[in-house]
Amino acid sequence: MPIARSGVLWRRIFFLLLFAFTATFIWYKQHEFPHGGSRWGLFYGIVGFFLCYLLAFFGIRKRWYRSTFGTVEQWMQSHIYLGILVLVILIYHTGGRFNDKIAVATLILVAIVVSSGVLGAILYVTVPRLLTEVESNLTVDEISEQLNQLAKQMARISSARSSPFQRIYGQLIREGEPGWMAGWRLLFARMRRGPTPMAGDWANLLSLVQKDEQEELRQMLVVSRQRKELLIRLIYQQRYKNVLEFWLYIHIPFTILLLLFAIIHVAAVFYYGRIAW
Ligand code: HEM
């Protein structure tokens with residue numbers, strides 16, 4: 001299974017690198033005063049800086065261009081593990097000193113970006129389990145398109161029919177609307193797929209129109225039932241997407257801010273001559 005293998009691989013790489021960086025830090029701490037501007041401090045700073053840019057670059061590229069470089073799982077595993085590693089490396093970079101405001105702000109931004117990423121990963125593995133009933137492979141756009149088609153089909157069937165027929169059509173279209181907070185309600189409730197609609201309801205509706213229109217009405221009711229089921233699916237898909245992606249509203253803007261702050265921090269240490277090479 002490629003998923004399991006990439007998970008194990010990146011976990012191994014992570015622990016190996018964590019061990020290596022921690023061992024060098026312990027050694028360095030015993031031999032010189034640890035701070036960002038020392039040889040080792042600078043080494044950690046530069047590695048952290050490039051990893052931040054690399055992770056941001058790959059993260060954005062992966063999302064925007066739907067690149068086929070590596071599977072989603074591999075990409076996520078490497079992204080998460082390297083992200084956590086960056087935070088540790090940058091803490092080693094500081095040497096435990098947190099006075100410079102810009103530098104500390106940059107580190108806080110890294111912490112926010114990494115923790116929102118971890119939250120995203122947790123959602124990624126737990127939300128699909130919560131929503132196991134989202135079995136549709138259709139995208140939101142595809143479902144919307146199908147809904148439009150079904151509504152058009154209903155309009156076609158009901159056009160030039162009697163006024164009771166038109167009234168039923170109007171009612172069915174309105175009933176199809178999801179209603180207030182339907183998405184959230186659906187998210188926390190299990191999908192109920194009862195016998196929709198009841199045979200009794202159909203018989204009642206059919207009795208409202210003339211005999212010669214009953215066959216068309218039956219057709220419209222069938223289309224309407226398909227439409228309602230699809231609407232429920234649409235709400236599910238949309239909610240699923242929202243839950244899976246809300247953390248990105250923290251992750252991406254803070255990443256941009258972090259990349260800017262990192263450059264300002266580097267410019268500042270050069271400007272104020274803080275590098276003790
Ligand atoms: C995203 C990357 C980075 C973060 C989050 C970061 C963060 C920090 C923090 C929190 C400190 C401690 C501030 C203090 O002493 O009060 C520090 C110090 C320092 N950093 Fe960075 N740093 C990063 C990258 C770099 C890079 C790439 C360089 C060099 C090219 C660098 C050079 C320094 C220097 C010279 C100091 C010591 C400043 C001093 O002694 O006043 N940092 N950094």
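User: How many residues surround the ligand?
Analyst: This is a predicted model, in which local features need pLDDT of at least 70 and side-chain atom pairs count only at pLDDT 80 or more, while totals for chains, interfaces and linings use all residues. Residues are numbered from 1 along each chain as its sequence is written. Around the ligand, the closest are Gly36, Gly37, Gly45, Asn99 and Ala103, and a residue counts as near if its C-beta atom, placed from the backbone, lies within 6 Å. The number of residues surrounding the ligand is 27.

User: Which element gives the largest share of the shell around the ligand?
Analyst: The elements that give two or more residues to this shell are α2 (39–65), α3 (72–94), α4 (101–130) and α10 (248–271), where helices are DSSP runs (H or I) of at least four residues, numbered from the N terminus. The largest share, six residues, comes from α2.

User: At roughly what angle do the axes of α5 and α6 cross?
Analyst: The axes of α5 (residues 140–158) and α6 (residues 163–175) come within 10 Å. Their crossing makes α5 roughly antiparallel to α6, a term for angles over 145 degrees. The angle is roughly 170°.

Technical notes:
Axes fitted to C-alpha atoms, helices over the stretch in contact; angles between N-to-C directions. Parallel < 35°, antiparallel > 145°, perpendicular 65-115°, else oblique.
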